[in-house]
Amino acid sequence: MALYLIGDLQGCDAPFQRLLQKIDFSPSRDTLVLLGDLVNRGPDSLAVLRRVQGYGASALSLLGNHDLHLLGVAHGARKAGRKDTLGELLAAPDAEALLEWLRRQHMALHMRIGSGDLLMVHAGVVPQWTVGQTLVLASEVESVLRGPALGEFLMSMYGNEPARWSDTLTGSARLRAIVNALTRLRFCTADGVMEFEAKDSAATAPEGYMPWFDVPGRRTANATVAFGHWSTLGWLSRPDLLSTDTGCVWGGCLSAVRIGATLDERELIQVECEQAQKPGK
């Protein structure tokens, strides 16, 4: 049995298939964890969702910002943008079943590997949160996504405020802050004020901000946090981090990380990708 973490697919099914062949993935033996953004910008979001859904319990999926955006478009909370490539999926005969499956996926996951904690999110974690608190807050959003208030939630999901987490937040503001941290975060201040405009590399942080994972005293630093979302950061492997978005949709690579018996045992496997989008277009 092997555990593989896979970075952002963004509707790129052909590279996904090549990567699965390269790692010799068997759903009867292995487990995939897809770190969010299964859909959008690439050409084959429909094929990706059908493939992942078909693997059943052998594939665990996180929800990224593009996956939540798909739900928002499907429920009329947002119009599709000019860069979106969701039309074929939304028009498919099995769209309803795929969207029902998608809304039941995860905002965060945790595994105990050897003696270490592996926390998996799509984008990031604010410095105030522990691993346990991250999972509890993720479950708050998951409950709403899977419940009767989905449409109401999606209508209030978009926006950058509140920019700083507080345990006293309630209602839509609380849910929006959780979603933004888990699915959009790249930079924040030392006291956790989130920034959502900058998308360049970690070396180009806006003044007063830093990569979320470099905040001194971050309360998840005792775990290994695996995430995607940040293609301009690319592959990064250190004891407390695994960054896996290597820009497949932009013509980079699609990456899988094989986790061994401990979190120190990591093997990077990659395939090259056809460029489906050009940055800035």
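**Close-up views of a sheet and its salt bridges**

**View 1. Val 225 and its bridge partner in S11.** The bridge partner of Val 225 in S11 is Leu 241. Strand S9 (residues 224-227) and strand S11 (residues 241-243) run parallel and pair over 3 bridges. Strands are DSSP runs (E, at least two residues), numbered from the N terminus, and two of them pair if DSSP finds at least two bridges between them. This is a predicted model, in which local features need pLDDT of at least 70, side-chain atom pairs count only at pLDDT 80 or more, and totals for chains, interfaces and linings use all residues. Residues are numbered from 1 along each chain as its sequence is written, and side-chain values use heavy atoms, with hydrogens and water left out.

**View 2. The open sheet of 5 strands.** The strand order is S4-S5-S9-S11-S10, and the pairing is mixed. Strand S4 (109-113) and strand S10 (236-238) are the edge strands, each pairing on one side only.

**View 3. The salt bridge of Arg 218 and Asp 240.** A salt bridge here is a side-chain nitrogen of Lys or Arg within 4 Å of a carboxyl oxygen of Asp or Glu. Between Arg 218 and Asp 240 the N to O distance is 2.8 Å. Arg 218 lies in the loop between strand S8 (210-211) and S9, and Asp 240 in the loop between S10 and S11, 22 residues apart.

**View 4. The network around Asp 240.** Arg 238 also meets Asp 240 in a salt bridge, at 2.7 Å from N to O. Arg 238 is partly exposed at 25% relative accessibility. Salt bridges link Asp 214, Arg 218, Arg 238 and Asp 240 in a network.

Key: Helix = DSSP H or I, 4+ residues; strand = E, 2+ residues; numbered from the N terminus. Buried < 20%, exposed > 50% of the residue type's maximum accessible area, 1.4 Å probe, protein only.
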